[in-house]
Each structure stands twice: as C-alpha cells, then as structure tokens.
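Subject: The structure for you to look at

Hello,

I am passing this one over to you, with some notes to read beside it. Please open it first and then work through what follows.

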Amino acid sequence: MAQSSIPLRRWLSAAGLRTLLREQPIIPQLGLLAVLVVASELIRPGIVSPNWAGVMIRAAVPLAILAASQTMTMLTAGIDLSVGAVASMSGFVVATLVGGPGLGVGIIVALAAAAAVGFVNGIGAGIFRVHPLIMTLAMSLVVLGLANVWQIQMVQTGAGVPTEFRTVGASMFFDVVPVSLLVFVPLAVLIILVLNRTGYGRLLYAIGDNPTASRLSGAKSWQVLTVLYVISGILAGIAGFLFSGLTNVASVTLANSALLPSVAAAVIGGTSILGGRGAYGGTIVGALILTVISSILSSLGYPEAVRQILFGSLIVLVAAAYTRVTSPS
Amino acid sequence: MNTTVPTSVRAMANPMPAVVTAARRNVWTLGLIGILALLFVVTKIIQPTYGPRGVQGLAVSVLPLALAAVAQTCAVIARGIDLSVGSMMALTSVVAATLMKDQSEGFAVAVVIGVLLLGLVIGGINGTLVVMTRVPDIVVTLAMLFVWAGSALLVLKTPGGGSADWLSGLTRGTLIRDWVPKAAVMLILVVSVIWIPIRRSRLGLSLYAVGSDPMAAYRSGVSVGRTKILAYMLAGLFSALGGLTLTASTGIGTPVPGPYTLMSVAAVVLGGVSLAGGKGGVFGPVVAVVILSLLRTDMTFLNVNTNLATVAQGIILVGVVMVGSLIHMRREN
C-alpha cells in the first residue's frame, strides 16, 4: 500500500499525524481500547489479568459477529435490524431440536432459516428497493412472531442449550483463551479477506460509495445485495449459537438487546453508516471497546440507570471524536 | 392576490382543477384513508357488535403510537431519524407521573407545561449533538436512546407515580356523540394546532428544503443546522405529548420504553414519508398507525394467534412499502 513508501518523518508533523490517523483509523481505536484497559486497572487495581482479557474477548466475540453483519450491510449504505431476532431464533431452534433430531440437524435448520430471512431481506432491499431499515425491521417482526409460534409448538419437548454450544461459547483454554475464538478467528479472517481481496468485497464498497457509478460500470446491485443479506443472516445465526452457549439461555428474545450495540460497534469501529467506508478490523476493536466499557460501568457499581446514561454518552463522545479525527479537514 | 402569475403559469402547464392537483399530491394519504374505511367495513362485518365502544378503545390505544409517529415524521422530513423517540416518551412519562403524584389538579397544569418544555429541551439536545458532532443522525439518536432510557430509570425505578384526573379525563370517553372519542379529537386537535402553523411558516418550508436537498437549502439562505435542531425539538415535543398520553391513559409512568421507536419508523414509511427526507406530511403516518392497530384488532376478532398477528404485521408492512416502491419506480421509468 501507499503508506509504507512514505517516509516516517512525514508522520511527525501535525498534519502528517492527522493523515496517519485518517488513513489508519485502527490506530486511534486501539489507543482508545488501551486507555479503557488502563482505566479498568485504575478503577479496580489488579483486575486486568490474562483471565480478565479472556473473559472480555469471550463476551465480545458474539457481538463482533453480529457487528460483522452491520459492517458489511453498512458498507452498501444499508443496515440489518433483523440480526437480533435472527440470532435469538437460531439459538432457540437448535435448543428445541437438539433433544430430538440432534445437534447437526438443529444447526442446519437454524442456519437455513437464518439464510432464508436474509434472502427475503436481500430481495426486498435489492429488487424492490425497500429501504433496508424498514425491510429488516419488518422481517424482525416476522421472525419474532414465527419464533414465538415455534416456541408454543415445542413447549412440550423441552428445550436446552446443547453442551457443545456451552463449551464453544463459554469455556476457555487454561482459563485464558476462549474456545469461541476457534469459530471466530477463521470467520473474521474470511470476512476480512472477502472485503479486501475479492471482487465481491470491492463491489460492496463500490455500491455503497456510489450506486450510480457502480451500476453504470455493470455491477448488478440486486445480486450483490441478495448475497450480502444472506451472508448477514447466516452470520447472525452463528452469533446466536454463541450467545446461547455463552449465557446458557435459549429464548426467542435472547439477542435482541445486542442489536443496537452491534450497530454501535460497527460505528465506533469506523464504518460509515452512509456506505462505502469501513473495515471489519475496526469493528472487532469496536466490539471490544463496548465490552470493556460495559465491564467498567458494571464494576463501578453504578445502578443500571447511570450505566445506560454513561454508555450512551460515551458512544456519542467516541463517534464524535472519531468523526473529528478522520474527517478531511 | 399577488400569486396570480405563478398560479396561471401552473394552470397553463397543468390544466387541471386545483382539487385534482391536491388529490394527486396527497394520493398516498387518500389511499390510506380508503384502506382505513374499507377496514372499518370489514371489521363491522366480522364483528357485527363493533361500535362506538370499539372505536373509542381504538382511539385510546392509538394515541401514544400516533404521536410517536408524528414525532418521527418531523425528524424524517428534515432528513434525520430519531431512534430515541421511545426513550423520550418513557422519560417524559415518568417525569410527569412523578411530579403529578398526590398533587393538586392546578399543579398538574404546570407539570404538563413543564414536561412539554422538557420535550423541547431533550429534542434540542439530540439535534444539537447531531449538528455539532456531524455524526450521522441514526448513530447519535441511537446513543441518546440509552441516555434518555437511563434518565427515565433514574427518575423512577419501577412503574409508579400518578396522573391528574383532568389529564386522564382528556383521553377517556366521548364528545357530543358516542362515536366521537375524545382521544381522537385530542389527537387531531393537538397535531393540527402544532403542525399546520409550522407547515405554513418559513420553518415548515425550511424543514422540507433541508430534507430534500441540504446543499440547495444552504445556498438559498436556509440555516441548515438550526432547521435540523428545530426538527429534533419538534420530535422531542411530540414525544413528550406521547409520554403524557401514556401517563394519562395508564395513570402511572413506566420507565421502560415501549416498542414505539421502531413502530414509529414503520408508520412513517407506511404513511408516505420518504426516509430520504423532504416528502410527506404528518397525517399519513397517523392514518397508518390507525390502520396497523385496527388490523391487530381484526385479527383478535378472527382469533388469529397474537404471534401470527405480529408476523402478518411485518408482512403487511413490507408488502405496502414494496407496492409503494414499485409505483415509484414505474413513475420514474
């Protein structure tokens, strides 16, 4: 890339620093994460340990996967508000099927359902040009309703989160490295490779950056969007497995509370909601930042009310600082 | 009148009576009213006992969501979106309920005025943050959703408080005839009194101008930032009205936000307001809210499982928006 050919001295001036921060947004993000870790240590001395880091990462992983859906859809100037409902649904479906047909069938059914939701989202947003906000919001109503119907059907069979999910979602190797990284690392590498190294990834950026130009250069946006929302649905399904494993809860509303944080993680991670700008690496850091912030807020012992207020204020603050640092002056 | 020239020009270019022009411009809202009328007929057929009492119940249940939809409309017309509408309603509702508990009826008047001012202030904070930070609206209001919801919890941990009798009385019962629910009259009155003067003023024009093209608005001398802040203040004001109706109809304040934000976005789109800004009015979304509620009532009459009713609501939402988008695409071609 071009940055490496520019001499180091150029970064040492104020303007150069600005350019560096703008072109490498991951640097201020990691800086903020470091500040938050230091703050955690100052607030509760001795808390920062390998085990603590493991717990943070374990909590951030499902959120980061949900935020991958947001990052990729936001690149095309879309958004996926159905991920909360889809993630809850897929975790719940597996929990109801694991006793009967088995884990494998459960996972396949859940992912197929998640992909089907994504397909409908993609058709609506791509062909009928319904605003993704409305399309995915309406689909989340549909998914929630159907999941509730399923719940009533399945209430006799009894539901339980499969042990395999609990192992993957909640255990840690040597009390330090979360097992969920076995799922997450390949997934994250794949997403980053798709975004940076494939024609499909380029198309996502192109459609978000300038829909007219991309159409004129021959991109079939409806195909790109349909595939995109199917991917988004499947990612949400996988996140749902990890959520249910992490919390050992199977409920049709389990991941709903993670929906808005997933949007926030992508935004804090530097993805523009207006499309065309962003990277998944930043989103992962964004998910970690949000997790550490909520951990700090709960370790301060404030009541839920104050925590929510501080959480919201910090998101505005970080997003504002980020916009200021990275906007072309 | 001094507008003779433009009128005659328009008449030459488009030789149609003013009524037809107005109808064409509001075709979406008129269509919605048609659907609503049809739905009332259907309701009467499937439930022959449906009468004034049903209409009254409908009006009361529609009130908070309708005001949320109007609040959302104000933000969306100016090319914004306010995801904190539900939280602002929760906050204003608990503030009103806490202050009115065990107080005199007269004091409640002051409380109502104070809560409306509070709505303007918190809406103003949303708007100022959007304008000053230049962070996209959806992100700022998403974060403020947490701030206002937290503030509501701070005011009142569990549902409680009280409501003045006159305030509750404003939404209950009927006016003059059985089939004119007070809640519906209040809704139309409040929305008209606030919205129509604004729509006709310079501010109204600025809202639409900023919504349809901020750069063009800026070049024509509209202060884009100030207009946006005012749009969010209006959203705050209508959210506060929504919060007051929550307190009035339940007699208490509930600190946990209801499903109003996302439903308000849905109602706005159903009501013919473009999420891209600059198009639509407040009455379309209100009619859309009534349609959505009446559909739910009908499904209850038909003994449809409530969960399937939720599914149907989602499908109808998508279906109507798809039809609208198809019509739009056809027109463009």
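**What I found**

A:Ala239 is a residue of helix α11 in chain A. Please keep in mind throughout that this is a predicted model. Is A:Ala239 buried or exposed? It is buried, because 33 other C-beta atoms lie within 10 Å, and 20 or more are enough for that label. Leaving aside residues up to four places away in sequence, A:Ala239 touches A:Pro62, A:Ile65, A:Leu66, A:Ala87 and A:Ala255.

For a contrast, go to A:Tyr302, in the loop between α13 (280-299) and α14 of chain A. A:Tyr302 counts as partly exposed because it has 15 C-beta neighbours inside 10 Å. Not counting residues up to four places away in sequence, A:Tyr302 touches A:Leu297 and A:Arg307. A:Gly233 is 69 residues from A:Tyr302 along the chain, and 35 Å separates their C-alpha atoms.

**Each chain as a whole**

Chain A has 14 helices and 2 strands, and chain B has 15 helices and 0 strands. Of the 329 residues in chain A, 50% are buried; for the 333 residues of chain B, the share is 47%.

How does the radius of gyration of chain A sit with that of a compact globule? Chain A has 20 Å, which agrees with the value near 20 Å for a compact globule of 329 residues. Along the principal axes, the C-alpha trace of chain A spans about 70 × 60 × 35 Å, while the C-alpha atoms of chain B fill a box of roughly 65 × 55 × 40 Å.

Contacts between residues at least 6 apart in sequence tell you about the fold too. In chain A, 75% of these join residues at least 24 apart; in chain B, 80% do.

**The core, and where the chains meet**

The largest nonpolar core has 211 residues, and A:Ala64 and B:Ala266 are those with the most contacts inside it. Helix α4 of chain B (residues 52-77) gives this core its largest share, 16 residues. A:Ala64 touches A:Phe184, A:Ala265, A:Thr283, A:Ile284 and A:Ala287, with residues up to four places away in sequence left out.

Finally, the two chains: 38 residues of chain A are in contact with 39 residues of chain B. Three elements of chain A give two or more residues to the side that touches chain B: α6 (132-154), α12 (259-268) and α14 (304-326). Which of them gives the most? That is α14 of chain A, with 14 residues. By type, this side of chain A has 27 nonpolar, 8 polar and 3 charged residues.

Enjoy exploring it, and write back with any questions.

Best wishes

Notes
Residues numbered from 1 in each chain as written. Chains lettered and ligands numbered in written order. Predicted model: local features only at pLDDT ≥ 70, side-chain atom pairs only at ≥ 80, totals over all residues. Contact = placed C-beta atoms within 7 Å. Helix = DSSP H or I, 4+ residues; strand = E, 2+ residues; numbered from the N terminus. Nonpolar A, V, L, I, M, F, W, Y, C, P; charged D, E, K, R; others polar. Rg over C-alpha atoms; globule rule 2.2 N^0.38 Å. Buried ≥ 20, exposed ≤ 12 C-beta atoms within 10 Å, placed from the backbone. Core = buried A, V, L, I, M, F, W, Y, C linked by C-beta atoms within 7 Å.
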